[in-house]
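Please look over the sequence and the 3D view below before reading on.

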Amino acid sequence: MQMQADISDTDVRRPVCVETTAVGAAYLAELAVGYWSSTDDVIANRSIDRIFSPMTDPKTREEKISGWKTAVARALGSSF
């Protein structure tokens, strides 16, 4: 999560329940049947375990992003 915060240069919030796909589906179903009156109610109900804030300087961030782009380009150029 720290790497994601560093690369995206934004806070990343890790929820208490990390099974976000299942929880998201449940929230949508509950919204559909009227259990929650709005998405604001859903947001107010979630619990955040930890917030990861960016800790990487801009130069390092750009180097990591550049390295990632190079790796993606190489992977796309190779045959599997």
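Does Tyr 35 count as buried or exposed? In this predicted model, Tyr 35 counts as exposed, because its relative accessibility is 60% and the cut-off for that class is over 50%.

## Aromatic rings

The structure holds two aromatic pairs. One of them joins Tyr 27 to Trp 36, and this pair is edge-to-face, with 6.0 Å from centre to centre and 70° between the planes. In the pair of Tyr 35 and Trp 36 the ring centres are 5.1 Å apart and the planes stand at 85°, so this pair is edge-to-face, given that planes over 60 degrees apart are classed in that way.

Through these ring pairs, Tyr 27, Tyr 35 and Trp 36 are linked into a cluster.

## The largest pocket

The largest pocket has a volume of about 230 Å³. Two elements, α2 (20-32) and α3 (39-45), each give two or more residues to its lining, and the largest share, four residues, comes from α2.

Among the lining residues are Pro 15, Val 16 and Cys 17, together with Thr 20, Val 23, Gly 24, Val 42, Ile 43, Arg 46 and Ser 47. Tyr 27, a member of the ring cluster, also belongs to this lining. By class, the lining divides into seven nonpolar residues, three polar and one charged.

Notes
Residues are numbered from 1 along each chain as its sequence is written. This is a predicted model: local features need pLDDT of at least 70, side-chain atom pairs count only at pLDDT 80 or more; totals for chains, interfaces and linings use all residues. Side-chain values use heavy atoms; hydrogens and water are left out. On a 1 Å grid over the protein atoms alone, a cavity is a set of points where a 1.4 Å probe fits but cannot get out, and a pocket is an open set with protein on both sides within 12 Å along at least five of seven lines; lining residues have an atom within 4 Å of a point. Grid points are joined across faces, edges and corners, and a volume is the space filled by probe spheres set on the points. Ala, Val, Leu, Ile, Met, Phe, Trp, Tyr, Cys and Pro count as nonpolar, Asp, Glu, Lys and Arg as charged, and the others, Gly among them, as polar. Rings of Phe, Tyr and Trp (its six-membered ring) pair if their centres lie within 6.5 Å; planes under 30 degrees apart count as stacked, over 60 as edge-to-face and the rest as tilted. Buried means under 20% relative accessible area, exposed over 50%, partly exposed in between (1.4 Å probe, protein chains only).
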